[in-house]
Amino acid sequence: MSDAFTPIAGRLIRWYARHGRKNLPWQRDPTPYRVWVSEIMLQQTQVSVVIGYYERFMTRFPDLAALADAPLDDVLGLWTGLGYYSRARNLHRAAAVVRDRHGGAMPRGLDALVALPGIGRSTAGAILALSHGDRHPILDGNVKRVLCRYHGVGGWPGEGRVERTLWTLAERHTPREQVAVYTQAIMDLGATLCVRLRPLCAMCPLEADCAARREGAQAKYPAPRPRRETPHRETAFLMLRDPGGALLLERRPPVGIWGGLWCFPECEPDADVEAVCRSRFGVRPATTTALAPIAHGFTHFKLDVYPILVEVDDDDGSTAAGPGEPRRHSSGAAVAGSDGSRRYSSGAAAAGPGEPRRHSSGAVVADSDGSRRYSSGAAAAGPGELRRSSPGAAATGSDGSRNRPLSAVADSGELRWYPPGAAASVGLAAPVKRLIEQLARDR
Ligand code: SF4
């Protein structure tokens with residue numbers, strides 16, 4: 001190896017030639033666009049998970065122009081299940097910026113790349129190094145782990161002081177030649193040998209002078225994020241379903257959790273479901289059923305979701321009865337969760353231990369799969385209360401969704417009825433996808 005190579009670069013490049021991964025989909029024809037998409041997908045996500053998503057994404061959006069011109073819903077639809085949806089939104093926004101301000105070609109400079117939504121210094125370095133061979137260091141999670149161990153760098157890498165040290169080391173180790181190979185090699189080393197638990201040091205080309213190996217303290221590096229209490233939040237999903245099986249979905253605001261994805265409308269877990277349905281949507285529930293709660297983890301908090309299936313009738317205030325069942329009148333009801341701990345109606349009477357809670361005018365209708373369903377007597381809308389518009393005026397959207405004129409929707413945001421099966425083609429929050437699949441199975 002010539003002077004162009006730092007001590008570890010030479011070893012890593014030789015190791016990569018024999019053991020590195022060379023057939024990953026994004027390594028074929030590594031254009032800046034293809035590398036960029038792979039780098040974004042690989043953030044926080046394993047290679048084995050990303051491969052299928054990446055190939056589907058490239059089939060649908062083979063180049064930057066296709067991505068920039070696509071509706072956001074199509075992008076989010078292909079991202080469903082991959083998580084961290086801000087990545088998809090930023091990818092889409094950045095593609096439009098490149099189309100509009102850079103003539104459709106990814107810029108070659110680090111600063112211009114970092115100015116694009118969702119591209120940080122490491123991602124920009126990886127795009128330039130892997131697609132052009134330009135000399136730029138990278139510092140993704142794998143590289144941080146390798147450098148922390150090799151140099152014995154203490155402290156959490158998310159801390160500014162530690163991160164600056166690691167950037168200095170990354171810069172020092174990046175060779176002047178074969179930058180793309182070196183970059184791939186150090187990422188591969190972190191992904192395959194210098195793994196988080198039980199690194200395979202005996203096979204590592206850096207073993208001879210690795211500080212962590214010498215100390216026998218691989219588990220000490222990198223130091224974990226300082227512990228803090230994870231906040232806990234709760235919400236209820238209102239799963240409004242019409243007699244034809246269509247579900248009411250609401251597009252979430254573009255920022256925040258599940259930004260831009262379709263979700264069930266939400267309310268407070270202790271809200272009066274009937275009142276919410278009437279005031280927000282102008283519909284009267286026929287029955288409400290509390291489904292099993294879902295626990296969903298985000299990076300910064302945990303979310304407990306209480307799904308409530310709300311069957312809504314036609315306007316005559318009644319719903320079709322199943323075989324052997326009495327015809328049920330519409331109107332909301334009290335609901336208890338499967339553990340008996342959740343209450344959704346302010347009109348419910350107290351229940352004894354182990355008993356379902358009952359609405360004052362209602363009766364238990366069903367008790368299946370651990371959930372309890374109640375119906376109650378019909379309640380007419382009072383003066384000034386909101387009512388659902390005639391179902392005869394429904395229209396069908398280009399994506400198969402049915403736009404029902406919910407004339408009395410009080411909140412802003414987009415609401416649509418999705419017939420069974422149609423929701424699968426749009427971007428859905430992960431728990432929503434699970435619930436829709438569960439409903440389809442149970443129907
Ligand atoms: S010797 Fe072990 S700890 Fe050190 S870089 Fe190699 S795999 Fe990581």
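**Chatting through the predicted model**

Q: Hi! To get started, how much of the chain counts as buried?
A: Hello! In this predicted model, 40% of the 443 residues of the chain count as buried.

Q: And how many helices and strands are there?
A: The chain has 14 helices and 16 strands.

Q: Nice. Let's go inside: which residues touch the most other members of the largest nonpolar core?
A: Those are Leu238, Met239, Leu240, Leu247 and Ile308, out of 101 residues in that core. Both domain 1 (7-220) and domain 2 (232-442) supply at least three residues each to this core.

Q: Switching to helices, at what angle do α9 and α10 cross?
A: Helix α9 (residues 141-151) and helix α10 (residues 160-173) cross at roughly 90 degrees, and their axes come within 10 Å. Angles of 65 to 115 degrees count as roughly perpendicular, so that is the label for α9 against α10.

Q: Which residues meet there?
A: From α9 you have Val143, Lys144, Leu147 and His151, and they meet Leu166, Leu169 and Ala170 of α10. Sorted by class, this contact has five nonpolar residues, one polar and one charged.

Q: What about α5, which of its residues are buried?
A: In α5 (residues 72-79), Val75, Leu76, Gly77, Leu78 and Trp79 are buried. Their cover includes α3 (47-60) and α6 (86-101).

Q: And what follows α5?
A: Gly81 does, with a positive phi near 100 degrees. In space, the C-alpha of Gly81 is 6.0 Å from that of Ala430, although the two are 349 residues apart in sequence.

Q: Oh, where is Ala430 found?
A: Ala430 is in helix α14 (residues 430-442). It counts as partly exposed because it has 16 C-beta neighbours inside 10 Å.

Q: Backbone question now. Is the peptide bond from Tyr221 to Pro222 cis or trans?
A: That bond is cis, with omega near -15 degrees. Pro222 itself sits in the loop between α12 (211-215) and β1 (232-241). As a general point, most peptide bonds are trans, and most residues other than glycine have a negative phi.

Q: On that last point, what is the phi of Asp29?
A: Asp29 has a positive phi, near 50 degrees, and is not a glycine. You'll find Asp29 in the loop between α1 (7-19) and α2 (32-42).

Q: Is Asp29 buried or exposed?
A: Asp29 is exposed, because 11 other C-beta atoms lie within 10 Å and the cut-off for exposed is 12 or fewer.

Q: How about Arg198, what is its phi?
A: Arg198 has a positive phi too, about 50 degrees, although it is not a glycine. This one lies in the loop between α11 (179-192) and α12. Arg198 has 8 C-beta neighbours inside 10 Å, so it counts as exposed.

Q: One more loop, please. Where is Phe298 found?
A: Phe298 is in the loop between β6 (294-297) and β7 (302-312). It has 14 C-beta neighbours inside 10 Å, and therefore counts as partly exposed.

Q: Which residues does Phe298 touch?
A: Leaving out residues up to four places away in sequence, Phe298 touches Ile257 and Leu303.

Q: And how far is the C-alpha of Phe298 from that of Thr230?
A: Those C-alpha atoms are separated by 9.6 Å, with Phe298 and Thr230 being 68 residues apart along the chain.

Definitions and conventions. Residues are numbered from 1 along each chain as its sequence is written. This is a predicted model: local features need pLDDT of at least 70, side-chain atom pairs count only at pLDDT 80 or more; totals for chains, interfaces and linings use all residues. A nonpolar core is a set of buried Ala, Val, Leu, Ile, Met, Phe, Trp, Tyr and Cys residues joined through C-beta atoms within 7 Å. A residue is buried if 20 or more other C-beta atoms lie within 10 Å of its own, exposed if 12 or fewer, and partly exposed in between; C-beta atoms are placed from the backbone. Domain bounds come from an automatic or database domain assignment. Axes are lines fitted to C-alpha atoms, for helices over the stretch in contact, and angles run from 0 to 180 degrees between N-to-C directions. Helices (H or I, at least four residues) and strands (E, at least two) are DSSP runs, numbered from the N terminus. Angles under 35 degrees count as roughly parallel, over 145 as roughly antiparallel, 65 to 115 as roughly perpendicular and the rest as oblique. Two residues are in contact if their C-beta atoms, placed from the backbone, lie within 7 Å. Ala, Val, Leu, Ile, Met, Phe, Trp, Tyr, Cys and Pro count as nonpolar, Asp, Glu, Lys and Arg as charged, and the others, Gly among them, as polar.
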